[in-house]
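Let's take a walk through a protein chain together. Keep the sequence and the 3D view open as you read.

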Amino acid sequence: MVAGVAYLDPGNVASNMTAGAAFGYLLVWVVVLGNVMAWLIQYLSAKLGIVTGESLPQVLGRRIRRPWARRAYWLQAELVAMATDVAEVIGGAVALYLLFGVPLLWGGAITGVVSMGLLLVQTRRGARAFETVLIGLLVVIAVGFSFGLLFAPPAPDGVIGGLIPRFEGTESVLLAASILGATIMPHAIYAHSALARDRFAPAAGTGTAESSAPALVRSSRASTDATPSAADEPTTAASQTSTGSTGSTTPNPADADRTDTAHSRLENARGISTPRLLRATRWDVTIALAVAGTVNLAILLLAAANLAGVDGTDSLEGAYAALRDGLGPVVATLFAVGLLASGLASTSVGAYAGAEIMHGLLRARIPLVVRRLVTLVPALVLLALGVDPTLALVLSQVVLSFGIPFALVPLVVLTARATVLGAYRNRILTTVAGVVASVFLITLNVVLLWLVFTGG
């Protein structure tokens, strides 16, 4: 269910609210499509963590051979995580301003401090306690953002018309990229693989997910390398394939068999069959994304039905005022409470993801609370400079959109390989769906750049 929290951050709220207020039902199809793609992506991320006992950053950290390349990859992933933090802290600050009149700078600081408390739950009580707290916040978010539709339901014909894919100018493409960046967030891909790894780690005394399966895979690979130096290098695509007489590369069956053996040992250490865990994970992801997708769609529909054409609704503050004037203070207050809960919950997930990115790619750890303090600085600087909060939120989601290929493409490639997932590798149709999603997202970003720089 934590995956659902990651898809309901303040960036989602700003993007969906702005899209509904500016273009009505035009971008309904983007929200729906984004949620469908998010289901596939989050399931693949969780599957990688469950089967290998490693997070996506850990797998990439082993497989990227050159240190400079690994650091460069870490840098772009870190920038994406920081963009996430900016959106979440600013969202919490805006919510506190709307609810209690707290100045934005102080609101950002308060949001950061409270998020540190949530991170301490994860550090001291473990992944399950952390998930329980976040699920509670998810309920608050769902109620806060969906309640207004009871009083102002959308027009059915408008919703149906919004399912037809189309754009209306550069701004609609920018908002579509923002919605997708907020829906398919790179840091959520990294985080979910780590959460799945930790949630189903073997009990103490039987080996851990981090020390059993990965170590077995590495030792199996080292035993078959042709030279001693090759055994000391990280896994690469080349080291896991054999070249035939035609020059094409094909998977080495022996490597796949050894991978399956390592996975079986991890499964035995857990005491739960991997197929059973994967079935439970599919249900978990389905429920989480159904909730998140419904709430995201509700936000856009609420804006489309009540804020389209209303002056001043291009900001969260203006949307709050319009909801208060049009639907009453209860709806507006619940909206602000949902915004606050989304900021607190999602900023905790963002900090967790950032810590895992650093650990997996740089093999370094810093305390989560310390990391939270460091990544809090950019958001507070923006608030202190008086940058428009809603604009900062929307643009942060565009940054996330450009980070998607760097997380999504490796995820699809790795989960399709027998040398990584063994018998649990993707089926052909799953891989094709992942490739189509990747191509679509990358193409959208290229079109966005072209429109922005040409003024089209």
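**A guided tour**

At 14% relative accessibility, R62 counts as buried (buried means under 20% relative accessible area, exposed over 50%, partly exposed in between, using a 1.4 Å probe and protein chains only). You'll find R62 in helix 4, residues 56-63. Helices here are DSSP runs of H or I with at least four residues, strands are runs of E with at least two, and both are numbered from the N terminus. Now look for G360: its C-alpha atom is 8.3 Å from that of R62, although the two residues are 298 apart along the chain.

Before going on, a word on what you're looking at: this is a predicted model, where local features need pLDDT of at least 70 and side-chain atom pairs count only at pLDDT 80 or more, while totals for chains, interfaces and linings use all residues. Residues are numbered from 1 along each chain as its sequence is written, and side-chain values use heavy atoms, leaving out hydrogens and water.

Zoom out for a moment. The chain has 20 helices and two strands, and 55% of its 456 residues are buried. Take the contacts (heavy atoms within 4.5 Å) between residues at least 6 apart in sequence: 84% of them join residues at least 24 apart.

The largest nonpolar core here has 122 residues, and M17 and L27 touch the most other members. Such a core is a set of buried Ala, Val, Leu, Ile, Met, Phe, Trp, Tyr and Cys residues joined through side-chain atoms within 4.5 Å. Helix 5 (residues 67-100) gives the largest share of this core, 15 residues. Leaving aside residues up to four places away in sequence, M17 touches I299, L302, A303, L307, A319, L323 and F335.

Next stop: S346, which sits in helix 16. S346 is buried, with a relative accessible area of 0%. Its side chain reaches the backbone oxygen of S342 at 2.4 Å. Not counting residues up to four places away in sequence, S346 also touches V5, D9, P10 and E88.

Finally, see how helix 16 (residues 329-362) meets helix 17 (residues 368-385). T347, A351, Y352, G354, A355 and M358 in helix 16 meet L368, R371 and R372 in helix 17. The residues of this contact divide into five nonpolar, two polar and two charged (Ala, Val, Leu, Ile, Met, Phe, Trp, Tyr, Cys and Pro count as nonpolar, Asp, Glu, Lys and Arg as charged, and the others, Gly among them, as polar).

Definitions and conventions: A polar contact is a pair of N or O atoms within 3.5 Å; within protein, one must be able to donate a hydrogen and the other to accept it, and residues adjacent in sequence count only if both atoms are side-chain atoms.
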